[in-house]
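Please read these notes with the sequence and the model open. They go through a few features point by point.

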Amino acid sequence: MLDVVEKFVSINGEAAHAGELSAFIRFKGCNLNCSYCDTKWANCKDTQSIPMSPQELLEWVIQQKVINVTLTGGEPLLQNDIGTLIELLSGKGLRVEIETNGSIPLGKFAELKHRPVFTMDYKLPSSGMENFMCTDNFYLLKKSDTVKMVAGSSTDLKKALYIIKKYSLSDRCHIYLSPVFGNIEPSEMVDFMIVHNLNKVRLQLQLHKFIWEPERRGV
């Protein structure tokens, strides 16, 4: 069984399929505690959740008649039956995207018969969680995957540049830089990209926070 705190259909707010419809399943619990986390409510022990089986979730997704599925959290890869769910969804021809925080080894999920698409965070210094990053994951990424770096300061941007170059991320996968909402001006990030010739890096704003109230759930 999997601990589900919410499920809904909306547009993808970020990563390579931003703007496309997706069926979102948000799971309870996370092993990190980022300073800027906008889903802390989903990580609390007393947060209400509904236990659902992989088959029940598959049936719900099919009813939504969308082809993209986003598994998010919290940290979805902490769920015991997440591999079974990925296989069931992908086996039906659905595009499965995992939003993962970068601390969970991806090896066994990358080796699934139906490999999901990974949107993996690299937590920069202002998150307070950088020491938990599993950098070996970078070597498992493919062109269809994404590394997302959320920056809240010039120090974060400098560290992002270092990581991108050290692991040759531009040659491995998509790279997205996003601002901590309200902490840094996107224009500052664009200037940084220009100065450092970050030609294969994309600035991304969270679309859902401009369409709806930033704190609204279920979107």
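1. A residue is called buried if its relative accessible area is under 20%, exposed if it is over 50%, and partly exposed in between (1.4 Å probe, protein chains only). Helices (H or I, at least four residues) and strands (E, at least two) are DSSP runs, numbered from the N terminus.

2. This is a predicted model, in which local features need pLDDT of at least 70 and side-chain atom pairs count only at pLDDT 80 or more, while totals for chains, interfaces and linings use all residues. Residues are numbered from 1 along each chain as its sequence is written, and side-chain values use heavy atoms, with hydrogens and water left out.

3. Strand E5 (residues 95–100) is mostly covered, with six of its six residues buried. On one side these are Arg 95, Glu 97 and Glu 99, and on the other Val 96, Ile 98 and Thr 100, so both faces are covered. E5 runs parallel to strand E4 (residues 68–72), and four bridges join the two; strands pair if DSSP finds at least two bridges between them. Val 69 has Val 96 in E5 as its bridge partner.

4. How do helices H1 and H2 cross? The axes of H1 (residues 54–64) and H2 (residues 82–91) come within 9 Å and cross at roughly 35°. Axes are lines fitted to C-alpha atoms, for helices over the stretch in contact, and angles run from 0 to 180 degrees between N-to-C directions. The crossing is right-handed, meaning that the near helix is turned clockwise from the far one by less than a right angle.

5. In this contact (heavy atoms within 4.5 Å), Pro 54, Gln 55, Leu 57, Leu 58 and Val 61 of H1 meet Thr 84, Leu 85, Leu 88 and Leu 89 of H2. Seven of the contact residues are nonpolar, two are polar and none is charged. Nonpolar covers Ala, Val, Leu, Ile, Met, Phe, Trp, Tyr, Cys and Pro; charged covers Asp, Glu, Lys and Arg; the others, Gly among them, are polar.

6. The structure holds four aromatic pairs. Rings of Phe, Tyr and Trp (its six-membered ring) pair if their centres lie within 6.5 Å; planes under 30 degrees apart count as stacked, over 60 as edge-to-face and the rest as tilted. Phe 138 and Tyr 167 have ring centres 4.7 Å apart and planes at 50°, so this pair is tilted. Tyr 139 and Tyr 167 have centres 6.1 Å apart and planes at 65°, so that pair is edge-to-face.

7. Tyr 167 is buried at 8% relative accessibility, whereas Tyr 139 is partly exposed at 49%. Ring pairs link Tyr 122, Phe 138, Tyr 139 and Tyr 167 into a cluster.
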